[in-house]
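Okay, thanks everyone. I'll go through the ligand sites, then a pair of helices. Let me put it on the screen.

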Amino acid sequence: MHPIRQALEYAAAALGFTGVGVADAATPQGNRLQEFIETGKHAGMEWMARHLPSRLNPELVLPGVRRVIMLTYEYPRQDSRTAPGCIARYAQGEDYHKLLAGKLADLDETLQFYGGTQRTFTDSGPVSERFFAAQAGLGWIGRNGLLIRPRGGSYFFLASILTTLELPVDAPMPNHCGNCHRCETACPTGALKDGCCDARRCLSYWTIESKTPPPPDIAAAQQEHLYGCDACQEACPWNRLPSPHRIDPHLLMTATLAETAPAQLAELTGDSFEHFFAGSPIRRIGPEHLRSNIANGNF
Ligand code: B12
Ligand code: SF4
Ligand code: SF4
């Protein structure tokens, strides 16, 4: 194995990452992202249009970039239907942005030792994470739009490291969705079409990202979803197999959250909201949006 790759794999495993893959930063991404934005599927996420040039050209994010290193980090797989309603599995514990930022900084240091210059991201950067993860052979992009692995399914975060180092690249893997369409059938709002999730219809968008209340047909479909949605992952047969991976306990739901009913959550304001959701990714939507989710749902 290439010595830098070996050092990277050891360091990543020690930090709890469960997969490492490397893609060529110059791989053309096709026009799917552009089409997504031109046809309005990004809904009110205007930052997606602003990020488009950098997303399509990693050189604008890190001059001299040669490779995109993609990593996977598991989040809990247990049922998301808990006392407060349905909270997407990825958001039940500590904020992953903070948790992974420290680990990515450590990997950056390892790569600096070999002469690399890096930029690291998870979720919030101008990087097409699913695209590069698929290119890096970590899984395939399923009909639910998510990256899926044959061993371990899709319940994981992606993190990315843009680097100037010229590491050997991995090969993409074939798509194993076959004739299955379970995710499309399971989606409560019909948001999935041609392997793409239209944010204008996605409960994850409306309960987390949107700055405005959902239209009546989406609100009617919200039911027990309090924050995010996992329906298209729950339906996927690849998520039914036991996971070979360990879960970081920081990402498990706290007992306080698990025991609090939506009616009590709706009473949180200002300081009490900040205190209750300190360190949680749910904090970022604020008390008003949470109250609106509770009012629209059926708990
Ligand atoms: C915007 C966004 C959302 C939006 C829009 C969803 C969407 N349609 O992408 C909303 C808020 C709705 C959302 C919801 C969710 N999200 Co989100 N989201 C993102 C974000 C920030 C950008 C995704 C994006 O650009 N989408 C637009 C599409 C067109 O672009 P793309 O997904 O990158 O697709 C590229 C490739 O996949 C490729 N491609 C796709 N299909 C094909 C086919 C072929 C043949 C080819 C050549 C290329 C190709 O082309 C595209 C252009 O490069 C990423 C993080 C990131 N920076 O990438 C997380 C991310 C995709 N989300 C993630 C998660 C976990 C979720 C949720 C499960 C959260 C939840 N439980 O509520 C849901 C799932 C919804 C779904 N089914 O997609 C994870 C996915 C992990 C995984 N296993 O795949 C990511 C990677 C965040 C992370 N770092 O972990 N999300
Ligand atoms: S996250 Fe929920 S609403 Fe969005 S595409 Fe998946 S099943 Fe549909
Ligand atoms: S549910 Fe079926 S079609 Fe959808 S992503 Fe999983 S395997 Fe693919």
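So, 36 residues surround ligand 1, and the closest are R55, E129, R130, N144 and C197. Keep in mind that this is a predicted model. By class, that shell splits into 20 nonpolar, 9 polar and 7 charged residues.

Now look at the backbone around ligand 1. A backbone N or O atom of C197 sits 2.8 Å from a nitrogen atom of the ligand. For V127, again a backbone N or O atom, the distance to a nitrogen atom of ligand 1 is 2.9 Å. And at S154, a polar backbone atom is 3.3 Å from a nitrogen atom of ligand 1. Which elements give two or more residues to this shell? Those are α2 (32-38), α3 (46-56), α5 (129-135), β8 (156-163), α7 (203-209) and α9 (231-234).

On to ligand 2. Around it you'll find C187, P188, T189, A191, L192, C197, C202, L203, C229, A231 and C232. How many charged residues does that shell have? None: the count is 10 nonpolar, 1 polar and no charged.

The axes of α1 (residues 3-14) and α4 (residues 96-113) come within 10 Å and cross at roughly 160 degrees, so α1 runs roughly antiparallel to α4. The crossing is right-handed. On the α1 side, the contact uses I4, A7, L8, A11 and A12, and α4 brings L107, T110 and L111. Sorted by class, the α1–α4 contact has 7 nonpolar residues, 1 polar and no charged ones.

How values were computed. Residues are numbered from 1 along each chain as its sequence is written. Chains are lettered from A and ligands numbered from 1 in the order in which they are written. This is a predicted model: local features need pLDDT of at least 70, side-chain atom pairs count only at pLDDT 80 or more; totals for chains, interfaces and linings use all residues. Side-chain values use heavy atoms; hydrogens and water are left out. A residue is near a molecule or strand if one of its heavy atoms lies within 4 Å of it. Ala, Val, Leu, Ile, Met, Phe, Trp, Tyr, Cys and Pro count as nonpolar, Asp, Glu, Lys and Arg as charged, and the others, Gly among them, as polar. A polar contact is a pair of N or O atoms within 3.5 Å; within protein, one must be able to donate a hydrogen and the other to accept it, and residues adjacent in sequence count only if both atoms are side-chain atoms. Helices (H or I, at least four residues) and strands (E, at least two) are DSSP runs, numbered from the N terminus. Axes are lines fitted to C-alpha atoms, for helices over the stretch in contact, and angles run from 0 to 180 degrees between N-to-C directions. Angles under 35 degrees count as roughly parallel, over 145 as roughly antiparallel, 65 to 115 as roughly perpendicular and the rest as oblique. A crossing is left-handed if the near helix is turned anticlockwise from the far one by less than a right angle, and right-handed if clockwise. Contact means heavy atoms within 4.5 Å.
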